[in-house]
Amino acid sequence: MIASKWLLGGALWLCASVAAASCWPAWEQFKSELVSPDGRVIDPAQGRITTSEGQTYGLFFALVANDHERFKQLLNWTENNLAGGNLSKQLPAWKWGQDEKGSWRVLDSNNASDADLWLAYSLLEAGRLWAVAEYRELAIHVLWRVAAQTLRPLPGVGVMLLPGDRGFVTAQGTRLNTSYLPPQVLDRFAELAPLWEELARNSRKLLLESAPKGLAPDWLAVRDNGTLASDPVNGAKGSYDAIRVYLWLGMLDPAASGRQALLERYRPMVALTVKGGVPPETVNVDNGAGSGQGPVGFSAALLPMLAALKEQGALQQQRQRLQQSPASGYYNRVLSLFGQGWDERRYRFDAKGRLVPGWEKAQCEN
């Protein structure tokens with residue numbers, strides 16, 4: 001059985017880990033409402049599908065919560081159902097659910113490279129923090145499979161991460177998604193091999209150059225001549241994908257490479273939030289205009305950046321919004337676990353991207 005591979009890690013469980021997990025009410029609620037007993041993260045709004053993104057975010061939250069048992073369940077479900085039973089040889093399929101005939105199975109076998117990175121990161125850090133060598137070994141296997149399948153040299157950009165193995169090279173250019181490039185995650189991988197250091201450096205450059213008005217696009221394209229252009233599918237829109245760019249940048253350690261330049265580049269999103277009272281749901285990255293009212297998950301995602309840029313008034317306003325209207329649904333809950341979890345000091349990333357969990361007893365008093 002595949003599940004038996006991780007039994008060795010069970011020998012390291014501590015009673016304290018159960019107590020630590022119960023100290024994060026938002027994670028406990030997420031588990032009870034959106035995670036099946038066997039470790040499947042469910043998106044009720046989309047036909048109860050499961051994505052590799054949901055599984056790997058779940059792994060990260062389980063690690064932050066020091067929740068060994070649920071981490072193992074999530075990992076086993078992902079391996080058995082999305083990766084043909086062997087994550088060391090196959091990246092997880094991005095979409096699983098019920099087909100037209102009523103069967104539950106993989107619906108799209110293409111990988112999603114952002115989920116692959118979070119999978120490798122969570123395994124790598126679980127291996128380090130929980131002293132489980134098998135997790136680290138699997139992380140290395142996943143990373144080099146990502147390198148083989150989704151890293152490509154692009155003109156004007158250098159080595160870059162494609163969003164998946166198939167379907168992102170078009171006649172109008174290669175489609176990219178900057179929310180797939182958390183700098184702290186890439187910084188952690190940079191300690192493993194120069195290739196990842198190169199990707200981390202190129203990603204920071206792309207983050208700066210792809211947002212001339214200080215607003216992140218959901219998607220963009222790199223033309224064959226190396227110039228950046230609007231995405232041929234989504235145009236100049238920034239919304240539900242792009243909100244994660246501000247989240248990742250806000251959580252960078254003060255000593256992280258290039259942090260201040262990145263924060264200043266994306267300050268216009270903070271300005272739109274201050275002006276409107278809530279983050280806009282959609283922005284036009286070409287003219288800098290915002291429209292609509294973003295959901296509460298957007299407020300959670302902006303908490304770290306508001307704190308980093310010392311926008312205390314807006315920070316308190318978004319915190320209050322979240323208290324009055326707690327997040328519901330899969331994606332808003334995910335953004336809230338990331339943003340509010342960080343705001344509650346349940347975790348940090350250090351300057352090299354290593355996870356610094358707040359497992360001390362003090363977090364139970366929040």
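**Strand pairing and pockets in the predicted model**

In this predicted model, an open sheet is built from 3 strands in the order β10-β11-β12. The pairing within this sheet is antiparallel. The edge positions are held by β10 (237-238) and β12 (290-291). Each of these two strands has a single partner strand, so one side of each is left without a neighbour in the sheet. The contact of β10 with β11 (residues 282-284) is antiparallel and runs over 2 bridges. Within that contact, G238 has V283 of β11 as its bridge partner.

Strand β6 covers residues 169-170, and strand β7 covers residues 173-176. These two strands pair over 2 bridges, in the antiparallel sense. They form a hairpin, with 2 residues between β6 and β7. Here V169 lies opposite T174 of β7. Strand β7 also pairs with β8 (residues 220-222). This pairing is again antiparallel and spans 3 bridges. In β8, L220 stands opposite L176.

The largest pocket has a volume of about 820 Å³. Its lining consists of 31 residues. Of these, E53, W94, Y180, D241 and R244 are the closest to the pocket centre. Two helices, α4 (52-64) and α15 (330-343), each supply at least two residues of the lining of the largest pocket. By class, this lining contains 13 nonpolar, 8 polar and 10 charged residues.

The second largest pocket holds about 350 Å³ of space. A total of 16 residues line this pocket. Nearest its centre lie P25, A26, Q29, Q340 and E344. Three named elements, α3 (25-34), α14 (312-324) and α15, each give two or more residues to the lining of the second largest pocket. The largest share comes from α15, with 5 residues. The lining of the second largest pocket divides into 7 nonpolar, 6 polar and 3 charged residues.

Terms used. Residues numbered from 1 in each chain as written. Predicted model: local features only at pLDDT ≥ 70, side-chain atom pairs only at ≥ 80, totals over all residues. Heavy atoms only, no water. 1 Å grid on protein atoms, 1.4 Å probe; cavity = no way out; pocket = protein on both sides within 12 Å on 5 of 7 lines; lining within 4 Å. Points joined across faces, edges and corners; volume = space filled by probe spheres on them. Helix = DSSP H or I, 4+ residues; strand = E, 2+ residues; numbered from the N terminus. Nonpolar A, V, L, I, M, F, W, Y, C, P; charged D, E, K, R; others polar. Pairing = 2+ DSSP bridges.
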